[in-house]
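Here is a short note to read beside the structure. The points are numbered so that each can be checked on its own.

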Amino acid sequence: PAVALAADLGVSALQRFLTRAGLSTFDRSPSYYGLGLTLGNAEVRLDELVAAYAAFARGGVWRRPTAVRTPDADRGGRPARPDERVLVSPRTAFLVTDILSDPDARAYAFGRGSYLDFPFAVAVKTGTSQAYHDNWTLGYTREVTVGVWVGNFDRSPLRNSSGVTGAGPIFHAVMLAATAGRESANADRILTPPDELEEVTICTLSGMRANPWCPSRAREWATAGAEALPCAWHHQSDHGLLTIYPPEYRAWEVATGLAAPAAVAAAARSGTAGTTAARVALAIANPPAGAVYSVDPTLRREFQALPLRAVTAQPTEITWLVDGTSVGRAASDQSLAWPLAVGTHDIEVRDRAGRRARTSVVVK
């Protein structure tokens with residue numbers, strides 16, 4: 001999801017945001033870092049990263065960190081006001097904090113009772129570099145922000161050490177010590193919810209507002225008073241509960257054996273003509289527009305192919321063209337593998353009704 005969002009926003013915009021967040025070590029162009037920038041493929045300083053996380057704890061206000069007190073403060077005077085600026089809105093700061101402080105959200109990956117669990121609210125994020133060269137744990141309460149880096153100064157890889165097992169235990173101990181006797185040690189929420197947000201019940205599968213037939217539900221934050229359609233994935237039929245996935249998931253649905261019988265699915269879809277799934281005529285699901293791919297010289301070329309996938313309102317046969325030349329036909333619920341070729345390429349898909357959709361990619 002982070003890479004998909006970075007592709008929509010653009011790497012240049014992301015790099016400018018990180019610079020505004022006080023990270024000063026980006027000395028290369030956005031094209032050098034690419035979409036991996038959002039996953040941490042650029043080097044950063046621990047003190048600057050801690051200051052960036054502290055901005056969320058302040059409701060979106062970034063403040064330049066100081067290592068020592070000012071002379072005026074030492075003499076009992078009022079300390080100089082540090083440099084500060086609004087980095088994100090209070091709404092964004094609250095939502096990010098709500099995600100990072102949700103123990104249920106991280107239980108799937110880390111389990112219960114890990115070093116990331118506390119008896120009070122802590123927003124926390126771990127990170128492990130490629131090849132296990134080092135790892136990080138950063139987090140904050142309403143009063144304290146803590147960052148821990150673990151690694152070897154000669155850059156040699158660590159052994160059996162990740163963000164949660166390497167930096168995590170140190171983070172846990174420091175956070176407990178730093179919050180001892182503070183108000184945050186008894187807090188169940190780091191930030192106060194903004195007035196423009198309200199808690200609603202959603203379907204955990206679709207993320208839409210739950211309807212009476214959604215089997216799994218959760219409470220989540222949404223814009224207060226916003227009109228939202230109920231979940232269009234779950235339906236009650238003569239055959240019991242029926243799940244109708246959007247067209248972009250059709251290939252996965254068929255491959256996993258979850259697809260409903262054709263007659264049943266068609267009957268259910270006929271009652272959801274106003275949903276997004278029914279409005280889709282023809283669109284390219286993969287590759288995304290403007291995607292950049294790299295040919296790996298260490299891998300055999302026959303194993304470097306791009307799956308071409310489309311979304312249609314109804315099952316049909318589609319034809320794929322690359323740079324105006326047909327590269328094959330496939331059922332609309334199946335993908336077609338196109339071997340990567342260096343260059344800029346225009347990709348087009350056509351269905352039997354003559355509809356077309358286009359996108360372009362770059363292969364380096």
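1. The model and its confidence. This is a predicted model. The protein chain has an average pLDDT of 86, and 90% of its residues score at least 70.

2. Overall make-up. The secondary structure of the protein chain comes to eleven helices and 17 strands. The chain has 364 residues, of which 37% count as buried. Among contacts with a separation of 6 or more, 54% are between residues 24 or more positions apart.

3. The three-stranded sheet. In what order do the strands of this open sheet lie? The order is β3-β4-β5, and the pairing is antiparallel. Strands β3 (123–128) and β5 (145–151) stand at the edges with a single partner strand each, so one side of each has no neighbour in the sheet. On average, and ignoring direction, neighbouring strands of this sheet are turned by 10 degrees against each other.

4. Strand β4, residues 134–140, is joined to β5 by seven bridges. Tyr-140 has Thr-145 in β5 as its bridge partner. Helix α4 (residues 46–57) packs on the sheet and touches β3, β4 and β5. The direction of α4 makes about 150 degrees with that of β5.

5. Leu-23 sits in the loop between α2 (11–20) and α3 (30–33). Is this residue buried or exposed? Leu-23 has a relative accessible area of 6%, so Leu-23 counts as buried. Leaving aside residues up to four places away in sequence, Leu-23 touches Leu-18, Val-44, Glu-48 and Leu-49. Leu-49 is 26 residues from Leu-23 along the chain, yet their C-alpha atoms are separated by 6.9 Å.

6. Salt bridge between Glu-317 and Arg-352. The count of salt bridges comes to ten. One of them joins the side chains of Glu-317 and Arg-352, at 3.6 Å from N to O. Glu-317 belongs to strand β13 (residues 317–322), while Arg-352 is in the loop between β16 (343–351) and β17 (356–363), so the pair ties together parts that are 35 residues apart in sequence. Glu-317 counts as partly exposed, at 30% relative accessibility. Arg-352 counts as exposed, at 65%.

7. Salt bridge between Glu-348 and Arg-358. These two side chains meet in a salt bridge at 3.5 Å, N to O. Glu-348 is in strand β16 and Arg-358 in strand β17, so this pair ties together parts that are ten residues apart in sequence. Which of the two counts as buried? It is Glu-348, at 10% relative accessibility, whereas Arg-358, at 59%, counts as exposed.

8. The closest N and O atoms of Arg-355 and Asp-351 are 2.9 Å apart, and the two residues form a salt bridge. Arg-355 counts as partly exposed, at 42% relative accessibility, while Asp-351 counts as buried, at 8%. Elsewhere, salt bridges that share partners join Glu-348, Arg-350, Arg-356 and Arg-358 into one network.

9. Cysteines without disulfides. How many disulfides does a search of the whole structure find? The search finds zero. Cys-203 is in no disulfide, and its nearest cysteine sulfur, that of Cys-214, is 3.8 Å away. Cys-203 counts as buried at 0% relative accessibility, and Cys-214 is buried with a relative accessible area of 5%.

How values were computed. Residues numbered from 1 in each chain as written. Predicted model: local features only at pLDDT ≥ 70, side-chain atom pairs only at ≥ 80, totals over all residues. Heavy atoms only, no water. Pairing = 2+ DSSP bridges. Helix = DSSP H or I, 4+ residues; strand = E, 2+ residues; numbered from the N terminus. Axes fitted to C-alpha atoms, helices over the stretch in contact; angles between N-to-C directions. Contact = heavy atoms within 4.5 Å. Salt bridge = Lys/Arg side-chain N within 4 Å of Asp/Glu carboxyl O. Buried < 20%, exposed > 50% of the residue type's maximum accessible area, 1.4 Å probe, protein only. pLDDT = per-residue confidence, 0-100. Disulfide = S-S within 2.5 Å.
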